[in-house]
Amino acid sequence: MFAFAAFGQRNLFAVTGSGAKGLAGRLAMEAAARRRHPGAAGGPGAQPGASFLQARHSSVKADEAAGTAPFHLDLWFYFTLQNWVLDFGRPIAMIDSFELLYYYDEYLGHSMWYIPFFLILFMYFSSCFTPTKAESSMPGAALLLVVPSGLYYWYLVTEGQIFILFIFTSFAMLALVLHQKRKRLFLDSNGLFLFYSFALTLLLVALWVAWLWNDPVLRKKYPGVIYVPEPWAFYTLHVSSQH
């Protein structure tokens, strides 16, 4: 119950954060207006107490123009519905709190983190093209970093269970390379490094899945269509259990 309350509070803070940004924007506009007109609010030419009276008068006008603050019906409705269904209705419906928290962590949290992560990588990759083919080469330091980079992305994909997101990003990168090639644009050293890292990751994931394809325990743990076992699950079931 406390976990759901904390989750709801985080959602509430995320929604109300836009109001804080709007307030900061209004304050910045007011500060700019004061710099343009120094005597309007507390400047050298302002009379004593004038800034206070002007601020009070402007706030009264703003309140009269705005009227009552809008009620966020969608926010409070879904928040109340979530509390009733996930707290009061939990014993009645066969919903385990730990399973719900696991869902928030493994699926919702991963999506909120990895989707922007791969989107930023793809945006960076889209800027790594050059019209000079001589610049489309990798230095020795980049070649040495391809292996640890590919290993890291392999761990990210398998442990984070984001194979679908990774494969879509890889296909998008390949499609962009083919499209830019028609314009006689080639990948520079940074683009080649990222492209080869993803290619190595795809190869490692394929070898990992082929190696554990007939494992009965992991097959039972990952019964879905896409079978990509987590490294920590393999370690827990087959390595740590033997010690």
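A residue counts as partly exposed when its relative accessible area lies between the buried limit, under 20%, and the exposed limit, over 50%. In this predicted model, Trp213 has a relative accessible area of 45%, so Trp213 is partly exposed. Tyr227, its partner in a ring pair, has a value of 4% and is therefore buried.

**Overall make-up**
- The chain has nine helices and two strands, in the sequence order α-α-α-α-β-α-α-β-α-α-α.
- Of the 243 residues in the chain, 27% are buried.
- Taking contacts between residues at least 6 apart in sequence, 73% join residues at least 24 apart.

**Aromatic pairs**
- The structure contains 16 aromatic pairs.
- One of them is Trp213 with Tyr227: the ring centres are 5.9 Å apart and the planes stand at 85°, so the pair is edge-to-face, for which the angle must be over 60 degrees.
- This pair links distant parts of the chain, 14 residues apart. Trp213 lies in the loop between α7 (189-211) and α8 (216-221), while Tyr227 lies in the loop between α8 and α9 (231-239).
- A cluster connected by ring pairs comprises Trp113, Phe117, Phe118, Tyr152, Tyr153, Phe166 and Phe198.

**Charges over rings**
- Trp213 also has the charged end of Arg219 over its ring, 4.1 Å from the ring centre.
- The charged end of Lys221 sits over the ring of Tyr222, at 5.8 Å from the centre.

Terms used
Residues numbered from 1 in each chain as written. Predicted model: local features only at pLDDT ≥ 70, side-chain atom pairs only at ≥ 80, totals over all residues. Heavy atoms only, no water. Helix = DSSP H or I, 4+ residues; strand = E, 2+ residues; numbered from the N terminus. Buried < 20%, exposed > 50% of the residue type's maximum accessible area, 1.4 Å probe, protein only. Contact = heavy atoms within 4.5 Å. Phe/Tyr/Trp six-rings, centres within 6.5 Å; stacked < 30°, edge-to-face > 60°. Lys NZ or Arg CZ within 6 Å of the ring centre and 35° of its normal.
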